[in-house]
Amino acid sequence: MAQKKAKISERKQDVLNRLQAFGKNIYNQLEEGQFPSVTMPSRSTENITYDEAVRQYVLGEKSVGRSTRNIRHIKPFTQLAWVALFSNELTATAKPAP
């Protein structure tokens, strides 16, 4: 049971570190006077495969970029930033696992 709690806290810390790195990346781009951009895994059907080991669909290696320089990317980019902020708050304030 203690080992399970350790794994959960490690995963939680990993999520927090990734979310903070995401935010720092956007902040640094803004500080440098650049249009913020991110690269993320593509969700196209060609990039989704079924993994027998974990019994779920996983994203492949292909990635796409989103930049606020493109007017069509601003809304999804902003939504992604809000979800990251919300996820960070939930992860940081969630009660510990039993």
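Mentor: Let's begin with a rule: rings of Phe, Tyr and Trp (its six-membered ring) pair if their centres lie within 6.5 Å; planes under 30 degrees apart are stacked, over 60 edge-to-face, and the rest tilted. By that rule, this structure has one aromatic pair. Tyr50 and Tyr57 form the pair, with 5.1 Å from centre to centre and 70° between the planes.

Trainee: Why is the pair of Tyr50 and Tyr57 called edge-to-face?

Mentor: Set the values against the rule: 5.1 Å is within 6.5 Å, so the rings pair. The angle is 70°, which is over 60, so the pair is edge-to-face. Before we go on, this is a predicted model, where local features need pLDDT of at least 70 and side-chain atom pairs count only at pLDDT 80 or more, while totals for chains, interfaces and linings use all residues. Residues are numbered from 1 along each chain as its sequence is written, and side-chain values use heavy atoms, with hydrogens and water left out.

Trainee: Is Tyr50 exposed, partly exposed or buried, and how do you know?

Mentor: Buried means under 20% relative accessible area, exposed over 50%, and partly exposed in between (1.4 Å probe, protein chains only). Tyr50 has 39% relative accessibility, so Tyr50 is partly exposed.

Trainee: Where is Tyr50 placed, and what does Tyr50 touch?

Mentor: Tyr50 sits in strand S2, residues 48-51. Helices (H or I, at least four residues) and strands (E, at least two) are DSSP runs, numbered from the N terminus. Not counting residues up to four places away in sequence, Tyr50 touches Arg55, Gln56 and Tyr57; such a contact means heavy atoms within 4.5 Å.

Trainee: What makes Arg55 worth a look?

Mentor: Arg55 is not a glycine, although its phi is positive at about 55°. Arg55 belongs to the loop between S2 and S3. With 68% relative accessibility, Arg55 counts as exposed.

Trainee: Which residues lie nearest the centre of the largest pocket?

Mentor: They are Thr39, Met40, Pro41, Arg43 and Leu80, among the 13 residues of the lining. The pocket holds about 450 Å³ of space.

Trainee: What makes an open space a pocket?

Mentor: On a 1 Å grid over the protein atoms alone, a pocket is an open set of points with protein on both sides within 12 Å along at least five of seven lines, and lining residues have an atom within 4 Å of a point; a cavity is a set where a 1.4 Å probe fits but cannot get out. Grid points are joined across faces, edges and corners, and the volume is the space filled by probe spheres set on the points.

Trainee: Which elements each supply at least two residues of that lining?

Mentor: Helix H1 (2-31), strand S1 (37-41), strand S4 (63-67) and helix H2 (74-93) do. S1 gives the largest share, four residues. The lining divides into nine nonpolar, one polar and three charged residues. Here Ala, Val, Leu, Ile, Met, Phe, Trp, Tyr, Cys and Pro count as nonpolar, Asp, Glu, Lys and Arg as charged, and the others, Gly among them, as polar.

Trainee: Why does Thr68 count as buried?

Mentor: Thr68 has a relative accessible area of 16%, so Thr68 is buried. Thr68 is placed in the loop between S4 and H2. Leaving aside neighbours within four places in sequence, Thr68 is in contact with Phe35, Pro36, Ile74 and Phe77.

Trainee: Where does His73 lie, and is His73 buried or exposed?

Mentor: His73 lies in the loop between S4 and H2. At 19% relative accessibility, His73 counts as buried. Beyond its neighbours within four places in sequence, His73 is in contact with Gly65, Arg66 and Ser67.

Trainee: Which residues form the largest nonpolar core?

Mentor: There are six: Leu19, Phe22, Ile26, Val38, Phe77 and Ala84. H1 and H2 each give two or more residues to this core, and H1 gives the largest share, three residues. The set is called a core because it joins buried Ala, Val, Leu, Ile, Met, Phe, Trp, Tyr and Cys residues through side-chain atoms within 4.5 Å.
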